[in-house]
Amino acid sequence: MKFSKRWLFTIPALVLAFFAGACTPKPFLKVQYQLPSPSSTLEGEKAAITVTDMRGKNTFLTENAKKSLKNFNETFSLVVLAEDGSGNLTGVYDIVPLFTEVFQQRLKNEGIQVAAVVDDAIPELKIEITEFQLDLVGRKWVVSINYRASLLDSGDLLSMESVSGEAERLKVTGKSDAEKILAELLTDMVNKLNLVRLFQQARQ
């Protein structure tokens, strides 16, 4: 089989373009959220979820972190892991939709029916993000997450809980260490919210 000179030059170019595309850094960070063990304690409860970004600085990366994650566009791909380790890629999100999806997964895992929209007939779980930041201090990734969770009835406060935490991990290669520590802390902070106590206090 004979190839023209045009194809002899085109084929290597296509191969190079393929591998160049495969090696291009992704603009998002990969996040894995690990669900806790399923529970039926709150089965039958209903709630709508709203998430508000209350951070003073609406950027996830500090200036130092930006130098190492130059292609990051403030989006996150989310994989939700079940107790058996199986995973489900739910999509790519900005910060507010990311928290919304994670908390929806958490509530459903507790047996709570999650409403698509806020309705005065059911409680509203309001999540206010006060800190969500990734920093690079020396050779360590440092991630901080703070939020307030409030259970409301027609706008009236029924119960509230604040959750905060910080974690660090040594930067060894690329952004994989940043993704690991982010996933670990996000999982810990979301699962730390005591939903049973929140709903029990609301009924008092």
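Q: What is the distance between the closest N and O atoms of E184 and R169?
A: A salt bridge is a side-chain nitrogen of Lys or Arg within 4 Å of a carboxyl oxygen of Asp or Glu. Here E184 pairs with R169, and their closest N and O atoms are 3.7 Å apart. This pair links distant parts of the chain, with E184 in helix 4 (residues 176–192) and R169 in strand 8 (residues 156–170), 15 residues apart. Helices (H or I, at least four residues) and strands (E, at least two) are DSSP runs, numbered from the N terminus. One caution: this is a predicted model, where local features need pLDDT of at least 70 and side-chain atom pairs count only at pLDDT 80 or more, while totals for chains, interfaces and linings use all residues. Also, residues are numbered from 1 along each chain as its sequence is written, and side-chain values use heavy atoms, with hydrogens and water left out.

Q: Is D177 buried or exposed?
A: Buried means under 20% relative accessible area, exposed over 50%, and partly exposed in between (1.4 Å probe, protein chains only). D177 has a relative accessible area of 6%, so D177 is buried. R169 is partly exposed because its value is 28%, and E184 is partly exposed too, at 41%.

Q: How many salt bridges does the structure hold?
A: There are 9. Another one to look at is E128 with R148, where the closest N and O atoms sit 3.2 Å apart. E128 is in strand 6 and R148 in strand 7, so this pair ties together parts that are 20 residues apart in sequence. E128 counts as buried because its relative accessibility is 12%, whereas R148, at 27%, is partly exposed.

Q: What is S150 in contact with, beyond its neighbours within four places in sequence?
A: Contact means heavy atoms within 4.5 Å. S150 belongs to strand 7 (residues 140–153), and its partners are E124, L125, K126, E128, L157, S159 and M160. With a relative accessible area of 6%, S150 is buried.

Q: Where on the surface is there a patch of negative charge?
A: Patches use residues with over 30% relative accessible area and no salt bridge, like charges being joined within 9 Å. Asp and Glu count as negative, and the charge is placed at CG of Asp or CD of Glu. Here the patch gathers D119, D120, D153 and D156. D120 lies in the loop between strand 5 (113–115) and strand 6 (124–137), and D120 is exposed because its relative accessibility is 59%.

Q: What pattern does the protein follow along the sequence?
A: Zooming out, the protein has 5 helices and 8 strands, in the order α-β-β-α-β-β-α-β-β-β-β-α-α. Of its 204 residues, 39% are buried. Among contacts with a separation of 6 or more, 70% come from residues 24 or more positions apart. By the Shrake-Rupley method with a 1.4 Å probe, the accessible surface is about 11500 Å², and carbon and sulfur atoms account for 54% of that.

Definitions and conventions:
Patches are made of residues with over 30% relative accessible area and no salt bridge: like charges are joined within 9 Å, nonpolar side chains (Val, Leu, Ile, Met, Phe, Trp, Tyr) within 5 Å.
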